[in-house]
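Visitor: Please take a close look at one topic for me: the pairing of charged side chains. Walk me through it in one go.

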Amino acid sequence: MTAESGTHFARHGTEGRVFPHSPVLVLCAVDEPLARAWQSVVDNVQGSLRVHHGSVLDVAADAVVSPANSYGWMRGGIDAVYARAFPGVEQNVRSAVLAYHGGELPIGQALVVPTGEPSPVWLISAPTMREPGERLPADTVHPYLAARAVFRLWRDGRLEHGVELRRVIGTIAMPGLGTGVGSVAPETCARQVAVAWTEVFDRPPGR
């Protein structure tokens, strides 16, 4: 599988529909500090955002976000949870990273692969660290870069047969970005995700 394969999952009957300006974003947290930080985002950012206090896998979403490393290894944190839940998804990610990015997906870019499961159908890989297990500095902007990559991919991305990604992904479930292995503070992550959302979806074109 490649990053752009799996277009047979596209929903039928989409011709003539008006698609939303932004996805529904479900911000997920299994611990209270991150849940509070996410709630501050929901309270202060315009758009279809909500907080889920629990596992990202419990959300009825079309896609989940993998705050991965640049090489596509899924051996720790939430990525290991995904790898167990979606057998074969790590290979899909690594094959896509190799095919489209020469083996290393830079921080600030994202790709989408099929999970191989009925729900969620898609996994969006957006690196928050270059190396697996990397601890991020306190002044990191990697959560912002990863979130912006996810939102831009949804807004502008197409599958290999030209189907717009926004036509097949209506709801995205996002865990903390770098808040586990990367040790990013929940407030830092939430604030940077909010900035990325505003930049991609709330600013007028050309600004």
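Guide: Asp-156 is partly exposed, with 48% relative accessibility. Its salt-bridge partner is Arg-155, and the closest N and O atoms lie 2.9 Å apart. Arg-155 is partly exposed too, at 31%. Keep in mind that this is a predicted model. In general, side chains of opposite charge can pair when their charged atoms come close.

The count comes to eight salt bridges. Another one joins Glu-164 and Arg-167, at 3.2 Å from N to O. Glu-164 counts as partly exposed at 26%. Arg-167 does as well, at 24%. There is also a network: salt bridges link Glu-104, Arg-130 and Glu-131.

Now take Arg-75 and Glu-90. Their side chains meet in a salt bridge of 2.8 Å, N to O. This pair links distant parts of the chain, 15 residues apart. Arg-75 sits in the loop between strand 3 (63–66) and helix 2, while Glu-90 belongs to helix 3. Arg-75 counts as exposed because its relative accessibility is 60%, above the 50% cut-off. Glu-90, at 16%, counts as buried because the limit is under 20%.

Note on methods. Residues are numbered from 1 along each chain as its sequence is written. This is a predicted model: local features need pLDDT of at least 70, side-chain atom pairs count only at pLDDT 80 or more; totals for chains, interfaces and linings use all residues. Side-chain values use heavy atoms; hydrogens and water are left out. A salt bridge is a side-chain nitrogen of Lys or Arg within 4 Å of a carboxyl oxygen of Asp or Glu. Helices (H or I, at least four residues) and strands (E, at least two) are DSSP runs, numbered from the N terminus. Buried means under 20% relative accessible area, exposed over 50%, partly exposed in between (1.4 Å probe, protein chains only).
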